[in-house]
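Dear colleague,

Please find below the structure that I am handing over to you. I would be grateful if you could read the notes after it with the model open.

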Amino acid sequence: MVLSDRSKYPNQSKKGIWESLQSPQSRWSSPSSIYRRMVAGNGLFYPILGFASCVVFIYMSFGDLRPSLREEPTLSFVKRNGTQLMLDGRPFYINGWNSYWFMVQSVDESSRPRVREMLQAGAKMGLTVCRTWAFNDGDYNALQISPGRFDERVFQALDYVIAEARQQGIRLLLALVNNLHAYGGKTQYVKWAWEEGIGLSASNDSFFYDPSIRSYFKNYVKTLLTRKNTITGVEYRSDPTILGWELINEPRCMTDPSGDTLQDWLEEMSAFVKLIDRNHLVTIGLEGFYGPNDPKGPTVNPEEWASRLGSDFIRNSGIANIDFTSVHIYPDHWLKTHDFEVNLHFVTKWMNSHIEDGDKELKKPVLFSEYGWSDLIKNFSVSDREKMYRAILDIIYKSAKKNRSGAGALVWQFLVEGMKEFEDDFWMTPWKGSSTYSLFLEQSCRLAKVTGWTQQDRNFKEACKKLR
């Protein structure tokens with residue numbers, strides 16, 4: 001969205017082991033006979049008792065090391081069939097959210113419980129996908145300290161995020177780099193190349209065309225995708241907890257409004273990801289603006305500036321290795337007017353246009369991977385925000401009912417309590433407002449009804465009954 005980094009990322013500074021607890025089948029023995037066997041011969045009873053006490057003490061003392069008492073969900077890879085995402089042979093329509101902060105909040109033990117709390121809350125609302133950052137380049141608690149140098153402590157934080165998401169039955173859409181400055185982004189890559197004396201240009205857009213920077217990014221991608229999770233023992237590229245890889249958040253290359261530079265980068269990087277990982281889906285991270293030569297530009301783009309950003313929704317999304325398209329929705333930041341009804345009309349037209357593109361031209365699913373309504377606009381009200389969000393969710397629900405390409409929507413953004421430093425003008429703690437909570441729960445319930453209830457849906461099925 002067209003925001004300052006401060007608005008969207010208000011704070012830049014900043015193990016669970018799960019095994020099935022199974023007991024071997026054995027014949028029943030009376031307590032007295034068990035006692036006799038324990039104290040007989042070799043005097044083993046007290047050493048065994050002492051060892052068992054130590055085990056119990058360790059088990060109860062380290063909360064993050066305790067095995068979960070509930071069975072770990074069995075997850076399959078999300079696939080694509082034409083214009084639909086598919087899971088276990090059935091259409092998969094997404095009701096989800098953004099919490100970009102998962103990895104950075106998992107580095108320190110003191111803040112790590114926030115990630116579990118958010119994932120548990122999402123599961124209770126029937127949400128199925130969370131979009132989050134799998135990057136932090138050269139910033140505080142950086143994952144990538146410099147090109148090819150990684151902080152293992154931060155990598156283990158990402159391990160935790162993925163393992164905990166799996167435990168809660170939530171899939172992750174992981175973004176690989178930022179077009180904006182927050183958490184390093186393409187600016188940091190350009191800075192690295194410039195500092196090493198090999199950069200072609202100081203322009204941020206050289207990220208897309210400088211061969212040295214492309215090499216930096218490819219090395220990062222390979223390291224990430226082939227990472228073996230220290231908690232689950234599963235390589236990222238083999239983990240179905242991950243819905244897919246997003247190449248770059250909100251890419252723009254304004255130095256080349258023709259779109260050729262960005263198109264070339266997307267083609268190369270999407271092919272590179274697929275070369276390493278054939279299991280997962282790949283998307284771009286586009287805002288969804290139509291390019292300068294697209295006839296929809298003048299009538300559907302928010303304003304004329306949107307066609308001069310170097311991105312092109314149809315052309316970019318048509319790349320063979322892009323499995324589903326991505327679109328963002330921020331009418332209050334894109335339009336000059338803040339009149340609510342005008343903005344609402346724009347959102348309806350914007351979404352329907354892109355779903356039509358997915359159905360007829362691209363023949364790919366369309367995920368609205370960010371949407372929000374700012375609380376900074378004049379005369380903001382929670383009721384207006386909920387009305388906007390309901391309109392967005394209604395369009396996805398209708399898409400699901402008609403088996404269309406509108407594959408889902410991810411709201412920006414959810415926080416748990418005590419995260420004031422991460423609050424922007426879109427944040428919500430949904431369970432603090434009953435009407436907001438009900439809005440997202442209701443969407444999960446009706447999507448499950450359309451596509452068919454799964455075993456995992458039992459977590460929120462009872463809550464659905466209470467809505468009636």
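This is a predicted model: local features need pLDDT of at least 70, side-chain atom pairs count only at pLDDT 80 or more; totals for chains, interfaces and linings use all residues.

Residues are numbered from 1 along each chain as its sequence is written, and side-chain values use heavy atoms, without hydrogens and water.

The second largest pocket has a volume of about 230 Å³. A pocket here is an open set of points on a 1 Å grid where a 1.4 Å probe fits, with protein on both sides within 12 Å along at least five of seven lines; lining residues have an atom within 4 Å of a point. Of its 13 lining residues, Val 382, Arg 385, Trp 427, Met 428 and Thr 429 are the closest to the centre. Helix 15 (382-401) provides the largest share of the lining, three residues.

Helix 16 (434-451) also supplies at least two lining residues. Its buried residues (under 20% relative accessible area, 1.4 Å probe, protein chains only) include Leu 439, Phe 440 and Arg 446. Just after helix 16, Gly 452 takes a positive phi of about 105°.

Helix 6 (residues 152-168) is mostly covered, with 14 of its 17 residues buried. At its start, a side-chain oxygen of Asp 151 comes to within 2.9 Å of the backbone nitrogen of Arg 153.

With kind regards

Note on methods: Grid points are joined across faces, edges and corners, and a volume is the space filled by probe spheres set on the points. Helices (H or I, at least four residues) and strands (E, at least two) are DSSP runs, numbered from the N terminus. Buried means under 20% relative accessible area, exposed over 50%, partly exposed in between (1.4 Å probe, protein chains only). A polar contact is a pair of N or O atoms within 3.5 Å; within protein, one must be able to donate a hydrogen and the other to accept it, and residues adjacent in sequence count only if both atoms are side-chain atoms.
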